[in-house]
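Please examine the sequence and the structure before reading on.

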Amino acid sequence: MTSDVWLPLPADEIEGLPDSLDYRFWDGGDSYPADPARCALYVVPYLSGPQVSTRPLAEMTSLRLVQTLSAGVDNVTPALGLLAPGVRLCNAKGVHEASTAELALTLTLASLRGVPGFVRAQDRGEWRSGFHEALADKSVLIVGHGSIGAAIEDRLTPFECARVIRVARSARTTERGAVHAFTELPALLPEADVVILSTPLTEATRGLMDAAFLARMKDGALLVNVARGAVVDTEALLAELESGRIRAALDVTDPEPLPSGHPLWHAPGVLVSPHVGGPTSAFLPRAKRLLVEQLTRFAAGEEPLNVVLTTGA
């Protein structure tokens with residue numbers, strides 16, 4: 001049975017990998033490191049677009065597991081129909097929670113406290129004081145209360161928010177309290193001063209924050225998106241921003257990368273960061289730990305972690 005493993009990092013840079021597997025280094029370059037038909041486990045190059053991520057899949061006829069290094073798997077799911085039944089798709093749960101939650105909090109605080117205006121004033125050498133909002137006493141709605149959403153709530157706790165409202169695909173009860181279903185969003189949106197999106201991009205969440213949903217947000221509310229750009233209807237968001245009714249802090253956009261001259265760059269009340277929720281100093285050591293665990297399990301014939309779906313199931 002083939003044991004080729006394609007890694008986007010050189011195997012000699014990952015301490016603890018099992019010796020029984022054959023490692024091939026491929027970071028998305030034009031040429032393949034070996035015959036794709038011999039690949040049994042494919043680790044998708046990090047931050048590669050769908051064209052790169054999915055390029056070898058059709059030729060990977062021996063594939064048994066696809067491992068992303070991102071929390072989302074939307075860069076590979078469109079091509080899963082190319083694979084034989086029974087291939088496991090696993091995400092990088094446990095790798096990005098801390099970094100993404102940090103950025104969600106950073107964007108929230110920067111927007112509320114007026115940090116972008118301070119930076120522009122500093123560039124002009126101007127001392128511009130004024131009154132700004134605090135996160136304390138605000139109601140925060142987290143849309144997508146999985147592992148990243150829970151990490152965001154952990155970091156909100158010391159800031160004395162009036163309330164944290166949790167929303168996920170289905171309702172449930174956790175140690176933190178109730179988690180509401182997506183179907184309850186229309187009633188919950190008007191209650192929130194800050195809405196943080198951390199949900200995966202699926203057919204159910206694509207365009208979730210459309211004109212009707214955005215219209216239900218409280219006047220003056222802040223929308224923070226650390227999920228995927230396509231969770232928000234860009235044209236509907238632009239209309240709300242241009243009216244000055246709400247504000248936004250966006251680590252992800254639709255389209256992405258955001259083209260030069262796109263109206264989102266200069267819309268009033270918007271802060272844009274270039275999809276930097278995951279790529280931090282915390283990424284590499286956590287990604288390596290995940291790969292060692294997954295490959296050790298794979299070599300031993302054990303169940304992998306973080307299975308999102310199985311093809312043909």
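Val44 sits in the loop that joins strand 3 (39–43) to helix 1 (50–53); helices (H or I, at least four residues) and strands (E, at least two) are DSSP runs, numbered from the N terminus. The model is predicted, so local features need pLDDT of at least 70 and side-chain atom pairs count only at pLDDT 80 or more, while totals for chains, interfaces and linings use all residues. Residues are numbered from 1 along each chain as its sequence is written, and side-chain values use heavy atoms, with hydrogens and water left out.

Helix 2 (residues 97–113) is largely enclosed by the rest of the structure, because 13 of its 17 residues are buried. Its end C-alpha atoms lie 24 Å apart, which agrees with the span of 24 Å that its 17 residues should have at 1.5 Å a residue (the expected span is 1.5 Å times one less than the number of residues).

Val119 belongs to helix 3 (residues 115–124), and Glu256 to the loop between strand 12 (247–250) and strand 13 (270–272). The table lists their accessibility.

| Residue | Relative accessibility | Class |
|---|---|---|
| Val119 | 42% | partly exposed |
| Glu256 | 39% | partly exposed |

Note on methods. Buried < 20%, exposed > 50% of the residue type's maximum accessible area, 1.4 Å probe, protein only.
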